[in-house]
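Reader: I'd like to learn how to read a few features of this fold. Could we start with how the helices pack?

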Amino acid sequence: MFERFTKDARAVVMGAVEHAEGAGTGSVDAEHLLLALLDREAGRASFALAALGLAERGDAVREALGEARRRAGLSQADAEALAGLGIDVSEIVARVEEVHGVGAMSGDRKDKGWWSGRRSFGRGAKEILEKALRIAVARRDRHIGDEHILLALTVRPGVPGEVLADHGVTYESVVRVLYGGGEAKAG
């Protein structure tokens with residue numbers, strides 16, 4: 001599948017690996033793909049993010065992803081559902097961090113290295129890449145571009161999709177910017 005990726009999509013995947021490595025996490029996940037997309041200044045996904053106003057709000061997105069990581073990767077919807085059951089996620093996080101330090105629930109392993117030479121992709125990242133392929137095939141595109149990765153992030157439930165939606169980046173808005181229906185189109 002990787003041979004069908006454009007140069008920009010490959011750069012996003014490699015950027016995601018760098019983000020995972022920098023965070024010391026055990027695998028590349030969907031949030032790392034989103035962070036790599038935010039880092040890019042070229043490509044169709046970058047155009048769409050800029051057109052939707054996310055380029056100047058990248059720090060807010062990074063902060064929201066960091067907060068979700070502190071909650072052990074729970075989305076805000078998950079935290080609200082647990083609150084409905086009487087479980088206060090922020091209280092649990094505070095108690096765990098009181099005993100074990102800030103970020104203890106994040107899963108970051110800064111003190112441990114990768115035990116193999118290859119970076120593994122977590123279930124979330126694999127699902128995003130598979131969904132990107134399906135979106136490209138459905139659109140009858142012969143390649144998988146960074147825009148397909150962005151579209152896949154917007155439709156998959158979880159923290160990255162929730163954070164994007166909170167900042168006005170939805171599947172429909174990205175399609176409108178990239179493929180028409182709006183004033184701007186990516187070339």
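Author: Helices here are DSSP runs (H or I, at least four residues), numbered from the N terminus. Before going on: this is a predicted model, where local features need pLDDT of at least 70 and side-chain atom pairs count only at pLDDT 80 or more, while totals for chains, interfaces and linings use all residues. Residues are numbered from 1 along each chain as its sequence is written, and side-chain values use heavy atoms, leaving out hydrogens and water.

Reader: At what angle do the axes of α8 and α10 cross?

Author: Roughly 160 degrees, and the axes come within 9 Å. Axes are lines fitted to C-alpha atoms, for helices over the stretch in contact, with angles from 0 to 180 degrees between N-to-C directions. That makes α8 roughly antiparallel to α10 (the label applies over 145 degrees).

Reader: And how many salt bridges are there in the whole structure?

Author: A salt bridge is a side-chain nitrogen of Lys or Arg within 4 Å of a carboxyl oxygen of Asp or Glu. The search finds 6. In one of them, R40 pairs with D8, with the closest N and O atoms 2.6 Å apart. That pair links distant parts of the chain, 32 residues apart: R40 sits in the loop between α2 and α3, D8 in helix α1.

Reader: Is D8 buried or exposed?

Author: Buried, at 18% relative accessible area; buried means under 20%, exposed over 50%, partly exposed in between (1.4 Å probe, protein chains only). R40 is partly exposed, at 24%.

How values were computed
Helix = DSSP H or I, 4+ residues; strand = E, 2+ residues; numbered from the N terminus. Parallel < 35°, antiparallel > 145°, perpendicular 65-115°, else oblique.
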